[in-house]
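Let's take a walk through this fold together, one piece at a time. Have the structure open as you read.

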Amino acid sequence: MPFSAGPPAPLAPAAPSAPSVYGRTSGAVLLLAPLTGNLAPAGQALANAAKLAFPANSSPALDIRDTGGTPQGAAAAAQAGLAAGDGIIIGPLTSAETQAVAPIAHSAGVNVLAFTNDGTVAAPGVWPLGITPAQQVQRVLQVAADAGRTQLAALLPDNDFGHHLGDAISAETAQLGEPAAQITFYQPGFSGVNQAVEQISGFANRGQSIMDQIKRAQDLGTAAGRQKANDLRHQQIPPPSFNALFIGATDPNSLAEMANFLPYYDVTPPQVQLLGPAPWSKIAPQMASQSVLVGAMYAAPDPAAAATFEGKYQAAYGAAPPGIAEVAFDAAAMARLAAGQGGYTANVLTAPAGFTGTNGVLALRPDGTVKRGLAVFSIAAGQPAITSPAPASLSQP
């Protein structure tokens, strides 16, 4: 069910096996966005993007309401829009706002296409359309597994994002039938990163004994001692207990520290394939300056897929859209398409064929989860290289 910044294409009919008719069949599309408050710039971009999917005098109407960026504001805006007869909610932006809106929408029998990337808000009738940690992890781990990289470890920040990544890694390794991943969480800063890399590397058991022997030989202060130390330096240190390492760092400072410590503790390619999250796409050229990170893989949308939308947005508003605008346009286009194909019901929205949006193909599942077709990239000099192209259809293996 492809859509673009132009007229909507028809939806494929829902599969007969999808019996749910939950959701309204008519009414305006209710956009919940933070048009005031600290998130107002993002909210205006969301509104701008959604408008591109609703040409002038088109049907259904787009009802834009301000959430103020707070759960209370989102709840009030949702209640007002649903009382006015709106048929589906697109937005709100944040996880907390979505959690406030979900029970209101459920009571009214209305579906929600939220903009958050917090997969934990997924539930029947509530789909988070942001690219979730689980979607990133699933795609890159599958590609790594296909290459035989099935012994996994992970170095993850000790924050919400890191723990979501950790949960996704544990779930995906179990799904793939792989051994449980060795997961270590780190605190930011030189000392925290050093401690985490040393711990996960197992260097104390792999290489420390050799280092100790070198020191003892040097301390002898004899020609024989110096010769023995030199011989020991050429002795190969056993590889770590894993052949793939997922690094959850997304800031350049932490990644630079990782790039220094990984070789020191002898965790390097080609013995270990480095993997990472989608935000690496924003800093990939910087990462390429660290030789140990060259060849590291991550899953993210293919930027070519969003080129048409970005051109339309630039032409309409005189500025490039922020990334979140793509999610708002997709949600608006999906809602408008559904309106013309029987309404905003779950069986229309969860049609197995899915949709083709600005970030590639996606399909909404009845349980609220979203399946996405991401590309896999590898860090390379200049721009990252596509290692595994984004699928054109989610029916592909």
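Two strands count as paired if DSSP finds at least two bridges between them. Helices (H or I, at least four residues) and strands (E, at least two) are DSSP runs, numbered from the N terminus. What you have here is a predicted model, in which local features need pLDDT of at least 70, side-chain atom pairs count only at pLDDT 80 or more, and totals for chains, interfaces and linings use all residues. Residues are numbered from 1 along each chain as its sequence is written, and side-chain values use heavy atoms, leaving out hydrogens and water.

Start with the open sheet of 7 strands, which has the order 7-6-8-9-10-14-15 and mixed pairing. Strand 7 (182–186) and strand 15 (385–388) sit at its edges with a single partner strand each, so one side of each has no neighbour in the sheet. On average, neighbouring strands here are turned by 30° against each other, direction ignored; axes are lines fitted to C-alpha atoms, for helices over the stretch in contact, and angles run from 0 to 180 degrees between N-to-C directions.

Now zoom in on strand 6 (residues 152–157), which pairs with strand 8 (residues 244–247) in the parallel sense over 4 bridges. Which residue of strand 8 is the bridge partner of Leu155? That's Ile247.

Helix 5 (residues 160–176) lies across strand 6, strand 7 and strand 8, at about 165° to strand 6. Helix 6 (residues 190–201) also lies across strand 6, strand 7 and strand 8, and runs at about 165° to strand 7.

Next comes helix 10 (residues 252–264). Its 13 residues should span 18 Å at 1.5 Å a residue, and the end C-alpha atoms are 19 Å apart, which agrees; the expected span is 1.5 Å times one less than the number of residues. Buried residues in helix 10 (under 20% relative accessible area, with a 1.4 Å probe and protein chains only) include Leu255, Met258, Phe261 and Leu262. Among the elements covering the buried residues of helix 10 are strand 6, helix 6 and strand 9 (273–276). Just past helix 10, Asp266 takes a positive phi of about 60°.

Finally, look for the open sheet of 3 strands, ordered 11-12-13 with antiparallel pairing. Strand 11 (355–357) and strand 13 (370–372) are the edge strands, each pairing on one side only. Strand 11 is joined to strand 12 (residues 360–364) by 3 bridges, and Thr356 stands opposite Val361 in strand 12.

Conventions: Contact = heavy atoms within 4.5 Å. Buried < 20%, exposed > 50% of the residue type's maximum accessible area, 1.4 Å probe, protein only.
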